[in-house]
Amino acid sequence: MRRVTRRVWRAIGCLWRPSTYLRWVYLLLGAALVLAFILVDSALGAVVSDLHLPKVATGIIWVLLALLPPVALGLLPAVREVQGIAVESLLAVRFEERPLGPARTWAQRRRTSVWFCLHLVAGGVVGILSTIVFAVGAIWLAAPFRSPGSRDIVPGWSYDIRGGWSDLWMPAAAIGGLAGLFLLSAATGALLAYLAPRVLGPTAAERIELLEKQTATLAERNRLARELHDSVGHALSLVTLQAAAARRVLATDPEFAETALAAMETSARAALADLDHVLGLLRDDRRPEARTAPQATLGGLDRLVEATRAGGITVEVERSGDLDQLPAAVSREAYRIVQEGLTNAIRHAGRPAGELTVHLSICLDGSGLRLAVTNPVSGRSDHSGGGRGLAGIRERVAVLRGTVNAGPVTRPDEPGWQLAVRLPVSVTKG
């Protein structure tokens, strides 16, 4: 008994929810479309009747007039998009593909046509019931106030109105019919809301394709974020050190200060160029230069080292092997790894620029490409800070199936920190 009572109260509670009336509006839209099709079919049917065709042919034409227009209209690509907007707004359905675009395949068009016809059928039924309930309800609500003896309560059915309390059941029945109409609309709308993602939404194969696109987009954004972090972060680290050095010697060594300012300008211009390129990709810039801007590779290692040295940092470079044999993708990632390694050394060594010496080792041989960035550290150093440099390096190395080790190392004269990376690369000889 309690369960029945709860269900009754839940049903009554539906009458106070805005979703009930929004679903009723969605169904009335279907009823309006049905009325439009009826008007068009009536005009075409009058033309068919004037042809005096056999009854069988006339019946077939009437069936085609009733079925073909809704099915054909549902096959239009834009119908899926329009229905998606209406379903999201009025039935409170959230699709995995947002916003729901036009039908791109014939499978989507067929499902959209099925949904469109289902909307017409459900809307037509609720529309007819709404017309009856409102028309009859208006008459029944006024029954107690009409003159005794009136009989035209409902067209086709007569009832002797007595007036007064004896006819109060009519307004009660009208209110009950109105409540029943909205409950039916809520139930029908709930059924349509359940079916909408399964009919209008993407299929399993389309969801997999959508997830693949989203994964590719996220991976590309993550790559661009790493590019931005490495290039701009390195430039800002150099600018910070150069600005600090120039401020300290501005009065005593103007020539050095001028050199530091020139290096700051060069670093800032390079950072702005990288920033503009990455932001152009994120904005889906259509300019050719935004998509064809060259990406840095190990071929630009000398410029990177010189820019770092311009900040007063001593960089010792040891290289072996022909780096021109590296694949372009590996060369780009290796450049960013070296750049981030130098940036971490500048940031976390805990030493002024003029007292910092960084050793860079690059070796390419049959075992692959080995990179090592080693720098001294002091008690103020902190390579374990909350930055994203090492995390970005590990992501790059993981994509290339390499290994990365970062941690303190023992140096002959002082403690140090080393970033060591190995990338498996097949070197083509000859």
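**Aromatic pairs and ring contacts in a predicted chain**

The chain has twelve helices and five strands, where helices (H or I, at least four residues) and strands (E, at least two) are DSSP runs numbered from the N terminus. This is a predicted model, in which local features need pLDDT of at least 70 and side-chain atom pairs count only at pLDDT 80 or more, while totals for chains, interfaces and linings use all residues. Residues are numbered from 1 along each chain as its sequence is written, and side-chain values use heavy atoms, with hydrogens and water left out.

Reader: What percentage of the residues of the chain count as buried?

Author: Buried means under 20% relative accessible area, exposed over 50%, and partly exposed in between (1.4 Å probe, protein chains only). Of the 430 residues of the chain, the buried share is 38%.

Reader: How many aromatic pairs does the chain contain?

Author: Rings of Phe, Tyr and Trp (its six-membered ring) pair if their centres lie within 6.5 Å; planes under 30 degrees apart count as stacked, over 60 as edge-to-face and the rest as tilted. By this rule the count is four.

Reader: Is the pair of Y21 and F182 edge-to-face or stacked?

Author: A pair of aromatic rings is described by the distance of the centres and the angle of the planes. For Y21 and F182 the centres are 5.0 Å apart and the planes are at 65°, and the pair is edge-to-face.

Reader: How many residues apart in sequence are the parts that this pair ties together?

Author: Y21 lies in helix α2 (residues 18-50), whereas F182 lies in helix α6 (residues 169-199). The pair therefore ties together parts whose separation in sequence is 161 residues.

Reader: Which of these two residues, Y21 or F182, is buried?

Author: Y21 has a relative accessible area of 32% and is partly exposed. With a relative accessible area of 10%, the buried residue is F182.

Reader: Are the rings of W24 and F134 stacked or edge-to-face?

Author: Their centres lie 6.0 Å apart. Their planes are at 25°, so the pair is stacked.

Reader: Which helices hold W24 and F134?

Author: The pair ties together parts that are 110 residues apart in sequence. W24 lies in helix α2, and F134 lies in helix α5 (residues 106-141).

Reader: At what distance from the ring centre of Y194 does R198 lie?

Author: A charge sits over a ring if NZ of Lys or CZ of Arg is within 6 Å of the ring centre and within 35 degrees of the ring normal. R109 sits over the ring of W106, 4.6 Å from its centre. R198 lies over the face of Y194, and its distance from the ring centre is 3.9 Å.
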